[in-house]
Amino acid sequence: MPASSQSIKNKSSVPRSKHRKGNICMSPRKFSERSAVLSYRQHFAIVWQQFIQDNFESPAHVAHVFKVDPTTAEKWWAGSHAPQGWVVGQAMSNPSTRDAAIRSFSEAL
C-alpha cells in the first residue's frame, strides 16, 4: 500500500465518537459539560471580584494579603479571572475575612 494511502487509513482509525482538541480526546458528554463548568467559573470570577472589592482597599492590598503577583490581583479586581481553590480556602480560614467570605460564597450558590 502506498505511504499516502496508509496515512489516510491511520487518520480514519480515530473513533468518530471522540472529539480531538490538541492532544486531548473528549467524549461528546464531557465536551458538552465543559460549557457549564466555564459558565460557573465566569460566575465565580464576578463573586470573587465583589468579595475583594468589598473587603480590600485595592489590588495591591489583595496582592499583599494573598501573596500573589500584582497582575493576578488586578485581574481579580477587574473580574476577568478567579482564583484557584487554595486562595478561596485562605480567605475562608483567615479570621479577618472568614465571615465575609462565607457570606459572599454562600450567596453565590
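**Exercise 1.** Among contacts in the protein between residues at least 6 apart in sequence, what percentage joins residues at least 24 apart?

Solution. The model is predicted. Begin with the contacts whose partners are at least 6 places apart in sequence. Of these, 45% link residues at least 24 apart.

**Exercise 2.** List the secondary structure elements and give their order.

Solution. The protein has 6 helices and 2 strands. Read from the N terminus, the order is α-β-β-α-α-α-α-α.

**Exercise 3.** Describe burial and surface for the whole protein.

Solution. A residue is taken as buried when its relative accessible area is under 20%. By that cut-off, 24% of the 109 residues are buried. The exposed surface comes to about 7900 Å², and carbon and sulfur atoms supply 55% of that area.

**Exercise 4.** Work out how buried and exposed residues are arranged around helix 6.

Solution. Helix 6 covers residues 98–108, and its buried residues include A100, A101, S104, F105 and A108. These lie on the same side of helix 6 because they cover an arc of only 115 degrees around the axis. An α-helix has 3.6 residues a turn, so residues three or four places apart point the same way. D99 and E107 are exposed on the other side of helix 6.

Notes: Residues are numbered from 1 along each chain as its sequence is written. This is a predicted model: local features need pLDDT of at least 70, side-chain atom pairs count only at pLDDT 80 or more; totals for chains, interfaces and linings use all residues. Side-chain values use heavy atoms; hydrogens and water are left out. Helices (H or I, at least four residues) and strands (E, at least two) are DSSP runs, numbered from the N terminus. Buried means under 20% relative accessible area, exposed over 50%, partly exposed in between (1.4 Å probe, protein chains only). Contact means heavy atoms within 4.5 Å. Accessible areas come from the Shrake-Rupley method with a 1.4 Å probe; for residues, only the protein chains shown count as cover. The arc is that of the directions from the helix axis to the C-beta atoms.
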